[in-house]
Amino acid sequence: MTNEENIKLVEDNILLRLDPKIYAFITNTVPNQLKIGDTSRPVDVRLDEWRKLLRKRLGQDPVITKIGEFPALLSPDHYFRDYSVHSYLEGIGKHRMNGELAHKYSVEFFENTNISDVQEAINAIRQDYGSGELNKRFVYYNVADSSHAEAHGANDKEWNLRPNQQEVVDNFLKRPDEKKLLMYAVMRFGKSFTAMYCALAKKARKVLIVSAKADVKGEWQK
């Protein structure tokens, strides 16, 4: 292979881990909805993944327009995730996408939301992080291992299954004798969270978790 071909091979197959970012985009296929997510890779790469995913699901080429990106690093040791932004937006009355649209797109789309709302959320998160209070409003993560930053408090929100997640658990319970069941859902559906509830509902005494990403170990344990 030529040197140019080797460089192309590396660029196509290796992505460097960058500082985490919050990104937002809109698409012409679902008007008046703003998608807010996070990534530790180049934002344009993440948007291209969404472009390909929506093309596959919708059978058409979507126009995806990046509205903004923000650093999620709070210090050399800690960062926040899009969950905190979503939590803030819901707290000020913004509504997530739900129902069939959420199955096709994602629950990370918010109606009647603009980039100034995202900036407001990030400002609130940064203020909360630096407040010195022990009981924080949001959850923060350690850069080293992606675990929750215990020194900065914990989210005291009571987490409950959403209706579409409860439906999955109910479907698992309808097949008590099945040994091989597969859960398939869109990105950020909450598959890990729902899987834990499936295990609880089936009164599983031993659960084996296999993942391609080692950094989710801490999340499962917590």
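This is a predicted model: local features need pLDDT of at least 70, side-chain atom pairs count only at pLDDT 80 or more; totals for chains, interfaces and linings use all residues.

Modeller: Counting pairs with a side-chain nitrogen of Lys or Arg within 4 Å of a carboxyl oxygen of Asp or Glu, you end up with eleven salt bridges. Let's start with Lys-35 and Glu-108, whose side chains form a salt bridge at 2.7 Å, N to O. Lys-35 belongs to strand E2 (residues 33–39), while Glu-108 is in the loop between helix H4 (99–104) and strand E5 (109–111), so this pair ties together parts that are 73 residues apart in sequence. As for burial, the cut-off is under 20% relative accessible area. Lys-35 comes out at 0% relative accessibility, so it counts as buried. Glu-108 has 2%, so that residue is buried too.

Now for some partly exposed partners. Glu-69 and Lys-66 also meet through their side chains, with 2.7 Å from N to O. Here Glu-69 is partly exposed at 33% relative accessibility, and Lys-66 is partly exposed at 35%. Then there's the salt bridge between Glu-90 and Arg-96, at 3.0 Å, N to O. Glu-90 has 33% relative accessibility and counts as partly exposed; Arg-96, at 23%, is partly exposed as well.

One last thing to look at is a network: salt bridges link Arg-41, Arg-46 and Glu-49. As for why such pairs turn up, side chains of opposite charge can pair when their charged atoms come close.

Terms used: Residues are numbered from 1 along each chain as its sequence is written. Side-chain values use heavy atoms; hydrogens and water are left out. Helices (H or I, at least four residues) and strands (E, at least two) are DSSP runs, numbered from the N terminus. Buried means under 20% relative accessible area, exposed over 50%, partly exposed in between (1.4 Å probe, protein chains only).
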